[in-house]
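Trainee: I've got this one open on my screen and I'd like to talk it through. Let's go bit by bit.

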Amino acid sequence: MQVAFEEAKKGFEEGGVPIGACLLTEEGKVIGRGHNMRVQKSSATLHGETSCFENAGRLPASVYKKCTLYTTLSPCSMCSGAALLFKIPRIVLGENETFVGAEKWLESNGVEVVNVHNKECKNLMDRFIKEKPEVWNEDIGE
């Protein structure tokens, strides 16, 4: 979770939405990391998780099937869909108090979803939402 949180802080410092993610092999090696870059790149789809997948590069399905995705916030439908497409078996999220994504959908498709209730992740999101509510609402489709 520390790597994902570092990415979230980087996004915040860049003026973007502070959501970070990283993809780890079953041995614990980071093979991808990224953060939400919708603001920085004027992108419709570069959430933390999709940025992480993009930075991991093209990988065979056999690799994804043994990875864990760490994300600082409950993943939205788009990011959950990408995780399902790649058959990621486990997602660890920092928190889901500021936003509840598609956790039930993930679980109904056999993904293990673990919420670590990380205060740092929550505090950073709370600060961002308070400072930039219009950007946050745009990011979650409101």
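Trainee: What covers the buried residues of α1?

Mentor: Bear in mind that this is a predicted model, where local features need pLDDT of at least 70, side-chain atom pairs count only at pLDDT 80 or more, and totals for chains, interfaces and linings use all residues. Helices (H or I, at least four residues) and strands (E, at least two) are DSSP runs numbered from the N terminus, and contact means heavy atoms within 4.5 Å. The buried set (under 20% relative accessible area; exposed is over 50%, partly exposed in between, 1.4 Å probe, protein chains only) is Ala4, Phe5, Glu7, Ala8, Gly11 and Phe12. Their cover includes β1 (20–24), β2 (30–35), α2 (38–41), β3 (68–71) and α7 (119–131).

Trainee: How far apart are the end C-alpha atoms of α1?

Mentor: Numbering runs from 1 along each chain as its sequence is written, and side-chain values use heavy atoms, leaving out hydrogens and water. The expected span of a helix is 1.5 Å times one less than its number of residues. For the 12 residues of α1 (2–13) that gives 16 Å, and the model agrees, with its end C-alpha atoms apart by 16 Å.

Trainee: Moving on to α3, which elements do its buried residues pack against?

Mentor: α3 is mostly covered, with seven of its nine residues buried. Those are Gly48, Glu49, Thr50, Ser51, Cys52, Phe53 and Ala56. They pack against β1, β2, α4 (61–64), β3 and α5.

Trainee: At about what angle do α3 and α5 pack?

Mentor: Glu49, Thr50 and Phe53 of α3 meet Met78, Cys79, Ala82 and Ala83 of α5. By class that makes one charged, one polar and five nonpolar residues (Ala, Val, Leu, Ile, Met, Phe, Trp, Tyr, Cys and Pro count as nonpolar, Asp, Glu, Lys and Arg as charged, the others, Gly among them, as polar). Axes are lines fitted to C-alpha atoms, for helices over the stretch in contact, and angles run from 0 to 180 degrees between N-to-C directions. The axes lie 8 Å apart, at an angle of about 35°.

Trainee: How are the rings of Phe53 and Phe86 arranged?

Mentor: Rings of Phe, Tyr and Trp (its six-membered ring) pair if their centres lie within 6.5 Å; planes under 30 degrees apart are stacked, over 60 edge-to-face, the rest tilted. The whole structure has four aromatic pairs. In the Phe53 and Phe86 pair, the centres are 5.1 Å apart and the planes at 65°, so the arrangement is edge-to-face.

Trainee: How many residues apart in sequence are the parts tied together by Phe99 and Trp136?

Mentor: This pair is edge-to-face too, with centres 6.0 Å apart and planes at 90°. Phe99 is in the loop between β4 (90–93) and α6 (103–108), and Trp136 in helix α8 (133–139), so the parts they tie together are apart in sequence by 37 residues.

Trainee: What positive phi does His117 have?

Mentor: Most residues other than glycine have a negative phi. His117 sits in the loop between β5 (112–115) and α7, and at 51% relative accessibility it counts as exposed. Although not a glycine, His117 has a positive phi of about 50°.
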